[in-house]
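Student: I have a structure open and would like to talk it through. Could we go slowly?

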Amino acid sequence: MFDPYRVREDFPIFKRKINNHPLIYFDNAATSQKPRQVIEAMKEFYEKHNANVHRAVHTLSLEATELYEKAHEEAAKFIGAKSIEETVFVRGTTEAINLVAYSWGLRNLKREDEVLVTLMEHHSNIVPWEILSKIKGFKVKYADVKPDGTLDYDSLKEMLTPKVKLVCITHVSNVTGVINDVKTVAKLAHEKGALVLVDGAQSVPHMPVNVQELDCDFLVFSGHKMLGPTGIGVLYGKREILEKMEPFQGGGEMIREVSFDLETRRCTISWNELPWKFEAGTPDICGAVGLTAAIKYLIALGMENVIAHECSLMEYALKRLKKCTKIKVYGPEDTKLRCGIIPFNVEGLNSHDVALLLDSYGIMIRSGFHCAQPLHQKLGIPSSARASFYIYNTREEIDRFVEALKEIEQAL
Amino acid sequence: MNPNQSLEAYIARIEEACGEEKDVIVHFRYEKKDEAIGKMLRKAKVERTISGIIFDLTYKDLAIRLYNTGKAVFKKAKNKSQVQEVLAELLL
């Protein structure tokens with residue numbers, strides 16, 4: 001049985017007190033805490049196996065290479081990719097989207113084309129397309145969001161014309177926790193001949209995700225939001241698409257050969273095989289080791305258990321927050337449409353005040369736009385406070401969170 | 001002495017927050033927070049105190065919410081520079 005109290009024992013940070021209160025960490029949509037298994041794996045790498053990967057013959061390099069390649073295997077298995085060729089390691093979700101924008105978009109999108117994104121995207125799934133549209137002249141269109149924060153599928157269908165070459169959609173909103181039906185969106189997009197990029201930053205860490213089942217063309221996510229270290233993330237791409245794409249960055253590791261012609265004085269370059277073609281330079285080997293440990297940790301817990309626990313916390317928190325008269329919670333009433341992220345505001349306070357007040361109770365939440373300004377504008381809210389849950393959070397913590405909010409309500 | 005350099009003795013970080021409110025959030029250095037709070041309470045007008053934990057202050061055109069944890073929110077400040085100028089007046 002899933003026991004968050006047992007899980008917490010693996011996380012050294014929860015021994016800390018903040019402002020004389022036991023730490024309550026509700027900023028998991030921004031980044032997760034790290035279990036000692038991840039910390040130890042990374043420490044062990046540097047203490048015992050540190051070397052650069054690939055193309056060396058010594059023992060340490062071989063060990064580092066095996067660990068690094070194993071990380072790709074684990075990541076591929078975790079999301080149901082067919083092979084490691086389909087899992088490219090990047091710095092995180094943002095870099096993965098930029099990789100697709102520049103490697104695929106720059107060469108495939110034309111002036112008359114369109115890229116369809118949704119109004120609930122994180123800036124990282126908006127800005128690269130807006131930047132590229134200024135270079136290539138294509139149009140970026142925004143599928144609408146309903147007042148409850150759910151995606152307006154009719155708006156998306158209406159905008160999904162044959163001109164659309166790529167649909168970019170988040171699996172789970174980082175503001176409202178709304179879960180999008182990306183499988184249906186992928187089917188609709190493919191019927192119109194468009195590719196689909198799914199931002200899995202808020203889904204892969206929290207629920208079972210299978211790329212073959214979703215039939216998405218790209219899926220991107222970050223290691224640090226799923227117990228792993230910062231600086232490592234994954235771009236999944238269908239092999240046939242990645243094979244046709246040109247590299248994102250040039251350098252060592254991503255080439256097979258750089259042959260200099262002594263007569264023409266030019267280099268002829270051939271690319272390395274997948275996924276290394278997209279991994280120029282020395283990669284984040286230790287980060288990959290940490291990511292492997294994080295994936296193993298989550299697999300051992302069971303992703304079905306992870307999402308069930310978070311949804312149960314979300315339902316419990318919503319139920320309790322409803323009784324607070326000065327608190328306005330955003331997102332759909334139907335809890336089946338959302339997961340463990342709750343945006344809210346307290347009447348008479350701005351979101352930063354709420355976050356600072358909760359900080360004095362040792363409760364860490366986020367405030368502001370959460371890198372999703374267009375969604376806030378659409379919902380007509382100046383900013384929001386956001387509580388987001390993970391495997392180590394408990395109902396007891398939610399009780400303390402709600403009690404703190406009640407005290408704040410009464411004090412102001 | 002450069003005023004910005006002396007401000008550094010009190011301030012760990014100044015951040016322009018996102019959100020329509022355009023707040024600027026100041027984190028005081030832990031070891032100097034009590035001194036900074038004391039100086040601000042003396043020089044700015046205290047509009048309201050909540051249990052000695054939060055102080056709503058006004059100084060010139062700015063509304064400031066000061067927390068005894070060593071943080072302050074400057075409401076509707078134009079930018080970070082304006083807040084630095086005000087902080088220099090209040091703390092130095």
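Student: What radius of gyration does chain B have, and why compare it with a compact globule?

Tutor: Chain B has 12 Å, which agrees with the value near 12 Å for a compact globule of 92 residues; the radius is taken over C-alpha atoms, and the globule rule is 2.2 Å times the number of residues to the power 0.38. This is a predicted model, in which local features need pLDDT of at least 70 and side-chain atom pairs count only at pLDDT 80 or more, while totals for chains, interfaces and linings use all residues. Residues are numbered from 1 along each chain as its sequence is written, and chains are lettered from A and ligands numbered from 1 in the order in which they are written.

Student: And how many helices and strands are in chain B?

Tutor: Chain B has three helices and six strands, in the sequence order α-β-β-α-β-β-β-β-α, where helices (H or I, at least four residues) and strands (E, at least two) are DSSP runs numbered from the N terminus.

Student: What share of chain B is buried?

Tutor: Buried residues are 32% of the 92 in chain B, a residue being buried if 20 or more other C-beta atoms, placed from the backbone, lie within 10 Å of its own.

Student: Switching to chain A, at what angle do α2 and α10 cross?

Tutor: The axes of α2 (residues 36–49) and α10 (residues 285–301) of chain A cross at roughly 150° and come within 8 Å; axes are lines fitted to C-alpha atoms, for helices over the stretch in contact, and angles run from 0 to 180 degrees between N-to-C directions.

Technical notes. A residue is buried if 20 or more other C-beta atoms lie within 10 Å of its own, exposed if 12 or fewer, and partly exposed in between; C-beta atoms are placed from the backbone.
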